[in-house]
Every structure is written in structure tokens, then in C-alpha cells.
Amino acid sequence: KQWYQRRVRARLIVIRSFDVNKPGSEVDSLKGGVAGGSLLKGVLKVGQEIEVRPGITTKDAEGNLHCVPIRSRVLTMFAENNDLQYAVPGGLIGVGTKIDPTLCIGDRLVGHVIGSEGSLPPIYTLIEIQYHLMRRLLGVRTEGKSKGAKVDNLSKNEVLLVNIGSLSAGGRVSAIRETKNKHGAVDKRAKVILTSAVCTDVGEKIAISRKINKHWRLIGWGTIKGGQKMAI
């Protein structure tokens with residue numbers, strides 16, 4: 001297994017990001033941004049060249065998203081109070097980089113993916129998912145001993161909240177398709193246009209939530225089957 005991890009390219013999902021510089025710091029003493037997260041696979045080493053996707057996201061006049069991945073280098077790594085020279089999957093680590101700290105301040109990198117240069121998955125703005133809905137809502141107060149409200153099927157142009165890795169993104173359902181396989185099971189699929197770009201793989205699991213009584217409620221889960229890749 002250790003041999004396998006050394007051969008696999010590193011991939012880390014970001015769940016926190018910080019600017020560690022104190023107000024009034026001198027220019028010569030400024031430090032790069034810090035990303036905190038969990039290493040999913042591979043080995044990350046100090047001095048390694050890394051890439052951050054989706055990176056810097058902008059919109060043009062027509063509202064189309066454009067992404068520029070961030071390239072940097074690992075300067076330091078910490079796990080609690082331990083200074084690391086390399087990290088393997090498991091637990092949480094903080095990664096000190098040369099990234100402009102203004103890009104990391106206030107968890108701005110949450111939902112991004114860090115990995116070896118050229119090894120990260122594509123960036124999507126539209127995803128096609130195979131989804132499964134729960135029969136009834138969880139966490140919604142009901143009167144007496146009555147069961148939770150039934151979960152209705154997805155509808156076209158409905159606005160959802162999808163969780164992909166550490167990213168929470170809004171999405172609008174643009175198309176729905178249901179087919180039956182030879183065993184009679186229903187294959188439910190939907191295309192979702194995302195409000196923010198996401199770096200993910202086909203086969204990744206996602207959570208689906210719907211706004212009910214002014215609160216987002218989990219209604220189901222799904223698997224990414226494809227989508228519209230963004231040109232970089």
C-alpha cells in the first residue's frame with residue numbers, strides 16, 4: 001500500500017483557508033496563504049509544485065464562467081503542532097503555500113482541490129447526475145405521530161443545493177430523464193447547471209438539498225456521470 005501511495009498523484013480537498021499575516025506586517029515578512037484539508041490519495045511533500053482548481057473564477061459580460069488554475073509550491077506542512085516534510089492520506093493537515101494571501105483569506109479556497117500539477121480532474125459548470133431521492137424528509141417537524149412529508153421528484157428549472165466534496169454550490173435543473181433497464185429498475189438522471197465551477201471526477205458522490213420552509217433540507221444523493229467541461 002505504501003508503494004501504491006508513492007506512485008499515485010497527490011490530491012487534497014480544501015475545507016479551510018487562511019491569511020496568517022497580522023495587520024501591519026512588513027512586506028518582507030509576509031507569508032503566503034495556508035490551506036487546510038484532508039489528503040485523499042498520494043503523497044504531498046514540502047517543495048512540491050502544486051496546482052489549485054478551479055482557481056480564480058471570473059464572469060464575462062454574458063455571465064459565462066472562466067477559471068484560471070493557481071500554480072504554487074508547498075513551503076510548509078503541519079498536522080496539529082507537528083512540522084511535516086511529507087503527508088499521506090488520513091487526518092487533517094495545513095499546507096503553507098506561496099499563493100497570494102488575499103486569495104485564501106476567509107475560507108475563499110473552500111471547495112477547491114489541490115494536487116500535483118497536471119493531475120487534477122476537469123472543471124465542470126454543468127453536471128449530469130444519476131440521482132436517488134429519499135422517500136420522506138428528515139428533520140422536518142410534523143404534527144402528532146404523522147410521518148415526514150413525502151419527497152417530490154425533481155422538476156425542470158428547480159433550484160437545488162448540491163454538495164460535491166467540500167463545495168456547496170447552487171444549481172438549476174435543466175433537464176430530467178427517466179428510463180427503465182432490462183430488470184425493470186428506474187434510472188433517474190438530471191442535468192444541473194451550477195452557479196460556481198467545480199473540480200471533480202466522474203463517479204464522485206454528491207448530496208442534494210431542496211429549500212423547504214426557508215431551510216435547505218437533504219432530499220437525496222447522486223453520482224456524477226458526466227458534464228460540460230470548462231476549457232482552461
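In which strand is the place of Glu128? Glu128 lies in strand 10, which covers residues 123–133, where strands (E, at least two residues) and helices (H or I, at least four residues) are DSSP runs numbered from the N terminus.

## Basis of the model

This is a predicted model, in which local features need pLDDT of at least 70 and side-chain atom pairs count only at pLDDT 80 or more, while totals for chains, interfaces and linings use all residues. Residues are numbered from 1 along each chain as its sequence is written, and side-chain values use heavy atoms, with hydrogens and water left out.

## The chain as a whole

The chain holds 1 helix and 15 strands, and its C-alpha atoms fill a box of roughly 60 × 45 × 40 Å, taken along the principal axes. Of its 232 residues, 43% are buried, a term that means under 20% relative accessible area, with exposed meaning over 50% and partly exposed the range in between (1.4 Å probe, protein chains only).

Where contacts (heavy atoms within 4.5 Å) join residues at least 6 apart in sequence, 65% of them link residues at least 24 apart.

## Strand 4 and its partners

Strand 4 (residues 49–59) pairs with strand 5 (residues 65–79) in the antiparallel sense over 8 bridges, pairing being assigned if DSSP finds at least two bridges between two strands. Within this pair, Ile50 stands opposite Ser72 of strand 5. The two strands form a hairpin with 5 residues between them, and Gly63 in the turn has a positive phi of about 90°.

Strand 4 is also joined to strand 9 (residues 113–116) by 4 bridges, and these two strands run antiparallel; here the bridge partner of Glu51 is Gly115 in strand 9.

## Glu128 and Arg189

Glu128 counts as buried because its relative accessibility is 18%. Not counting residues up to four places away in sequence, Glu128 touches several residues, among them Arg177, Arg189, Lys191 and Lys225.

Arg189 is placed in strand 13 (residues 186–199). Leaving aside neighbours within four places in sequence, the contacts of Arg189 include Glu128, Tyr131, Arg177 and Lys225. The side chain of Arg189 also makes a polar contact with the side chain of Asp187 (3.1 Å), a polar contact being a pair of N or O atoms within 3.5 Å, of which, within protein, one must be able to donate a hydrogen and the other to accept it, while residues adjacent in sequence count only if both atoms are side-chain atoms. Arg189 and Thr179, which are 10 residues apart in sequence, are 8.6 Å apart in space, C-alpha to C-alpha.
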